[in-house]
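Me: I would like a close look at a single part of this protein. Please take one region of the surface and then go on to what lies inside.
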Amino acid sequence: MTSLFNNSELFTGSIIFLLIAFFFSAFRILREYERGVVFLLGRFYKVKGPGFILVIPFIQQMVKVDLRIVVMDVPSQDVISRDNVSVKVNAVIYFRVIDPQKAIINVEDYLQATSQLAQTTLRSVLGQHELDEMLANRDMLNADIQTILDVRTDSWGIKVSNVEIKHVDLNETMIRAIARQAEAERTRRAKVIHATGELEASTHLTQAANQLAKEPDAIMLRYLQTLTEIAGEKNSTIIFPLPMELISGLIKSTDKTTK
């Protein structure tokens with residue numbers, strides 16, 4: 001009799017313990033950045049949170065979704081540019097879940113799906129541009145990739161806020177070719193600048209010659225000034241050109257004296 005009474009107490013205590021455990025297991029606490037997608041007997045019920053929520057065990061199931069911004073590194077992708085240059089490109093994307101219901105119901109794993117879509121989109125967009133555009137117009141390419149990803153992930157309840165291309169790696173042969181191209185471009189610019197300077201100098205010299213031609217004595221004063229500057233340098237030998245007008249004047253004076 002005593003054994004039966006003890007068994008009854010043990011059974012009652014077990015039932016009470018299970019009821020208490022069942023009662024407390026229904027309570028959940030979600031942080032401010034978390035939401036719970038609740039299913040009732042397998043069917044979508046509602047999105048709950050944040051804070052203290054109630055989930056009935058065995059009848060309701062909840063899947064947590066983090067609403068914070070996710071920083072995802074896109075692995076290096078082999079890309080062939082429009083001008084047939086092979087490069088390796090690495091990027092990073094910033095996105096977050098804005099609709100937990102779509103992120104859980106419409107796609108199996110939204111993180112993996114977003115990563116794969118980012119890789120294919122990166123190859124597709126960069127393959128439409130030449131190497132010079134990849135190196136010089138990164139902001140434009142980032143905006144194009146971000147727009148495409150944002151549109152395609154909208155049905156998954158995901159908002160892509162930013163895309164940044166981190167590295168564009170080239171092989172050694174292409175690096176040397178780019179270096180030679182840059183050197184040739186600098187040489188071309190130097191020659192153009194030198195030719196432009198010669199053109200401007202010849203223009204000013206022509207104007208100066210025309211101005212000096214108006215006054216015959218002006219050229220003589222210019223020669224004397226140049227001679228003064230040369231003499232001030234304490235040179236032992238001075239080679240100084242004489243104007244033909246001065247020589248012709250001396251010849252004429254000598255002829256008159258002879259006659």
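Which residues form a nonpolar patch on the surface, and how much accessible area do they have together?

Reply: The model is a predicted one. In it, the nonpolar patch on the surface is formed by F22, L40, L41, Y45, L54, I56, F58 and I59. Together these residues have about 800 Å² of accessible area. One of them, F22, sits in helix α1, which covers residues 2-25.

The largest nonpolar core has 34 residues. Inside this core, V87, I93, L126 and L149 have the most contacts. Two or more residues come from each of β2 (34-40), β6 (70-80), β7 (86-97), α3, α4, α5 (138-152) and β8 (158-169). Helix α3 gives the most, with seven residues. There is also a second, separate core of five residues, including L30, V38, I53 and M62.

Apart from neighbours within four places in sequence, L126 is in contact with V79, S81, V89, M134, L141 and I165.

H129 lies in the loop between α3 (110-126) and α4 (131-136). H129 is buried, because its relative accessible area is 14% and the cut-off for buried is under 20%. Not counting residues up to four places away in sequence, H129 touches S81, R82, M134, M140, L141 and D144. S81, M134 and L141 are therefore contacts of L126 and of H129.

Terms used. Residues numbered from 1 in each chain as written. Predicted model: local features only at pLDDT ≥ 70, side-chain atom pairs only at ≥ 80, totals over all residues. Heavy atoms only, no water. Helix = DSSP H or I, 4+ residues; strand = E, 2+ residues; numbered from the N terminus. Buried < 20%, exposed > 50% of the residue type's maximum accessible area, 1.4 Å probe, protein only. Contact = heavy atoms within 4.5 Å. Patch = residues over 30% accessible without salt bridge, like charges linked within 9 Å, V, L, I, M, F, W, Y side chains within 5 Å. Areas by Shrake-Rupley, 256 points an atom, 1.4 Å probe, with all protein chains shown as cover. Salt bridge = Lys/Arg side-chain N within 4 Å of Asp/Glu carboxyl O. Core = buried A, V, L, I, M, F, W, Y, C linked by side-chain atoms within 4.5 Å.
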